[in-house]
Amino acid sequence: MQERTLLIIKPDGVARGLVGEISSRFERVGLKIVAAKFTKADQTLAEKHYPSDRDVWLRGMGEKTLENYKKFGVDPEKLLGTTDTLKIGKIIQGWLVKYIISGPVLAFVLEGPHAVDLVRKICGHTLPSEAVPGTIRGDLAYDSSYLANTGKRAIKNLVHASGSLEEAKYEISLWFSPSEIFGYERVEEKAMR
Ligand code: GDP
Ligand code: MG
């Protein structure tokens, strides 16, 4: 079950000086860093990373937003000019692109058994306000849909992690060339087998 996944410490994580704190959590669980890059995404890379034609994902973000607005009594029509989930998803996608290119990021390829799910678990729930303590987002952030949407910006949740093996393959190929990924052995691997 060796898998590879993409993990990005987003601009807020870098700006807050949390690079060591965040990356150590993946190292200590036993995941192997097989690639790493300190970089700033341009518009083209950001738009490929957050594609504007992935309708299911966009609608999902739109639905989450509508639920959240209802909970806090916010009128979506007033704030965003629409109640259409796809249109709202596209608005958020625009905020996301702006967020990811707003500053330098540290991108990693992490390798290990069940790496995709393991990394998601360590990151925690998308909304830091709902992420449990012990996770990166739960321990180190408090942002919510409400705060982000009323501020017309993406949720600042410190990290991006691929959502599935298929997403991981696609995203790794966007951020890294094959020659930038290195295989090696970690000394404790034998003990963990
Ligand atoms: P992830 O895979 O856990 O990062 O979550 P998604 O793929 O659903 O969303 C991508 C990113 O968009 C998240 O990490 C957040 O930064 C942002 N985001 C997701 N949902 C919302 C939302 O409802 N409102 C806002 N403003 N941003 C969101
Ligand atoms: Mg995602």
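**Sheet pairing and ligand surroundings in a predicted model**

In strand β4, the bridge partner of I8 is H160, where strands (E, at least two residues) and helices (H or I, at least four residues) are DSSP runs numbered from the N terminus. The structure is a predicted model, in which local features need pLDDT of at least 70 and side-chain atom pairs count only at pLDDT 80 or more, whereas totals for chains, interfaces and linings use all residues. Residues are numbered from 1 along each chain as its sequence is written, chains are lettered from A and ligands numbered from 1 in the order in which they are written, and side-chain values use heavy atoms, with hydrogens and water left out.

The bridge between I8 and H160 belongs to the pairing of β1 with β4, which run antiparallel and are joined by three bridges; two strands are taken to pair if DSSP finds at least two bridges between them. Strand β1 (residues 2-9) is also joined by eight bridges to β3 (residues 105-113), again in an antiparallel arrangement, with I8 standing opposite A107 and I9 opposite L106. Together, four strands form an open antiparallel sheet in the order β2-β3-β1-β4, of which β2 (32-39) and β4 (159-161) are the edge strands, each pairing on one side only. Neighbouring strands are turned by 20 degrees against each other on average, direction ignored, the axes being lines fitted to C-alpha atoms, for helices over the stretch in contact, and angles running from 0 to 180 degrees between N-to-C directions.

Because six of its eight residues are buried, β1 is largely enclosed by the rest of the structure (buried, under 20% relative accessible area; exposed, over 50%; partly exposed, in between; 1.4 Å probe, protein chains only). Helix α7 (residues 115-123) lies across β1, β3 and β4 and runs at about 35 degrees to β1. V29, in helix α2 (residues 19-29), counts as partly exposed at 35% relative accessibility. Leaving aside residues up to four places away in sequence, V29 touches L118, I122 and M192 (contact, heavy atoms within 4.5 Å), and the C-alpha atoms of V29 and L118 are 9.2 Å apart although 89 residues separate them in sequence.

Ligand 1 is surrounded by 18 residues, the closest being R120, T126, N149, R153 and N157, on the criterion of a heavy atom within 4 Å. An oxygen atom of the ligand lies 2.8 Å from a side-chain N or O atom of R120, and a nitrogen atom of ligand 1 lies 2.8 Å from a backbone N or O atom of R153.

Note on methods: Polar contact = N/O pair within 3.5 Å; in protein donor to acceptor, adjacent residues only side chain to side chain.
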